[in-house]
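These are my notebook entries on one model, kept in the order in which I looked things up.

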Amino acid sequence: MKRAVEREILDRPDVPDALANQAYRQLTRIHRYLGDTAFIVKAIRHDPLPVRRVLDIGCAAGGVLREIRQKLGVETVGVDVAPRGERDIQLPIIRADAVRDPLPKADLAFSMYLGHHLSEQDVIGLIRNVGRFSRRFLLLDLVRHPLPLALFRMFVAPFASPVVVADGCVSIRRSYTRREMGELTAEALAGSAGRFRHSVAPLYTRQVIDISYGSD
């Protein structure tokens with residue numbers, strides 16, 4: 001499957017707020033039902049070092065970050081290049097380009113399905129930049145493969161809004177294969193003390209890059 005390059009609907013600045021709010025609420029629920037949020041919560045709980053502050057990169061309205069704060073009671077902060085959706089005034093969200101701009105300091109950073117929005121060089125830049133501000137980075141993303149695309153159309157699309165369905169299909173076709181993501185991560189960390197683990201969920205529904213930047 002060739003990697004798609006078309007833009008997703010929610011990336012467009014002219015999308016009405018009501019439509020964006022509906023879509024982001026649905027996406028927060030989808031992340032919960034598919035186990036993405038639980039995966040991050042478990043990783044934080046089992047981190048060998050104390051996690052006092054968590055950074056969500058590409059957080060949109062911060063729906064997932066809000067659930068993590070409620071479950072764990074940790075300090076949370078979000079970053080997005082163009083925050084959209086209904087905001088929680090108790091949840092700080094900073095407008096910034098995580099590939100290039102300074103980021104809030106955190107013990108652990110994560111991004112949930114941001115990687116496929118980025119070019120290869122920007123994925124490398126993101127990984128390097130996050131390492132300047134956090135000791136660990138969890139990069140969750142889709143896998144470009146026909147199987148998750150078929151599963152999404154069968155089991156998620158019937159219950160989602162047209163925007164979420166359209167963007168979901170494009171997202172899978174825009175994502176990186178396991179080999180591509182592994183190679184980009186290795187290039188980003190080359191010559192540094194950073195190391196990573198790379199896993200792919202059954203049925204290619206998710207891939208996770210778990211990066212530790214320190215030498216310990």
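**Entry 1, helix H2.** I began on the outward side of H2, where Lys42 and Arg45 are exposed; I took buried as under 20% relative accessible area, exposed as over 50% and partly exposed as in between, with a 1.4 Å probe and protein chains only. I was working on a predicted model, in which local features need pLDDT of at least 70 and side-chain atom pairs count only at pLDDT 80 or more, while totals for chains, interfaces and linings use all residues. Residues are numbered from 1 along each chain as its sequence is written, and side-chain values use heavy atoms, with hydrogens and water left out.

Helices (H or I, at least four residues) and strands (E, at least two) are DSSP runs numbered from the N terminus. Within H2 I found Asp36, Thr37, Ile40, Val41, Ala43 and Ile44 buried. Seen down the axis of H2, these buried residues fall within an arc of 160 degrees, so they line one face of the helix; the arc is that of the directions from the helix axis to the C-beta atoms. I then looked up their partners and noted that they pack against H1, S1, H3, S4 and S5, contact meaning heavy atoms within 4.5 Å.

A nonpolar core is a set of buried Ala, Val, Leu, Ile, Met, Phe, Trp, Tyr and Cys residues joined through side-chain atoms within 4.5 Å. The largest one has 34 residues, and Ile40, Val54, Ile68 and Phe110 are those with the most contacts inside it. Two or more residues of this core come from each of helix H1 (17-33), helix H2 (36-45), H3, S4, S5, H5 and helix H6 (162-174). Leaving out residues up to four places away in sequence, I listed the neighbours that Val54 touches, among them Ile44, Leu65, Val77, Leu108 and Phe110. Apart from this core lies another, of 28 residues, including Val77, Leu139, Leu184 and Leu189.

Taking a salt bridge as a side-chain nitrogen of Lys or Arg within 4 Å of a carboxyl oxygen of Asp or Glu, I have a count of 14. The side chains of Arg206 and Asp36 meet in one of them, at 2.7 Å from N to O. Arg206 lies in the loop between S6 and S7 and Asp36 in helix H2, so the pair ties together parts that are 170 residues apart in sequence. Both partners are buried, Arg206 at a relative accessible area of 14% and Asp36 at 2%.

I also looked up Asp47 and Arg135, whose side chains form a salt bridge at 2.9 Å, N to O. Asp47 is buried at 8%, whereas Arg135 is partly exposed at 24%. Asp47, Arg135, Arg136, Arg197 and Asp210 are linked in a network of salt bridges.

Ala60 has a positive phi of about 55 degrees although it is not a glycine, and lies in the loop between strand S1 (53-57) and helix H3 (63-72). Tyr204, also not a glycine, has a positive phi of about 60 degrees, and counts as partly exposed at 38% relative accessibility.
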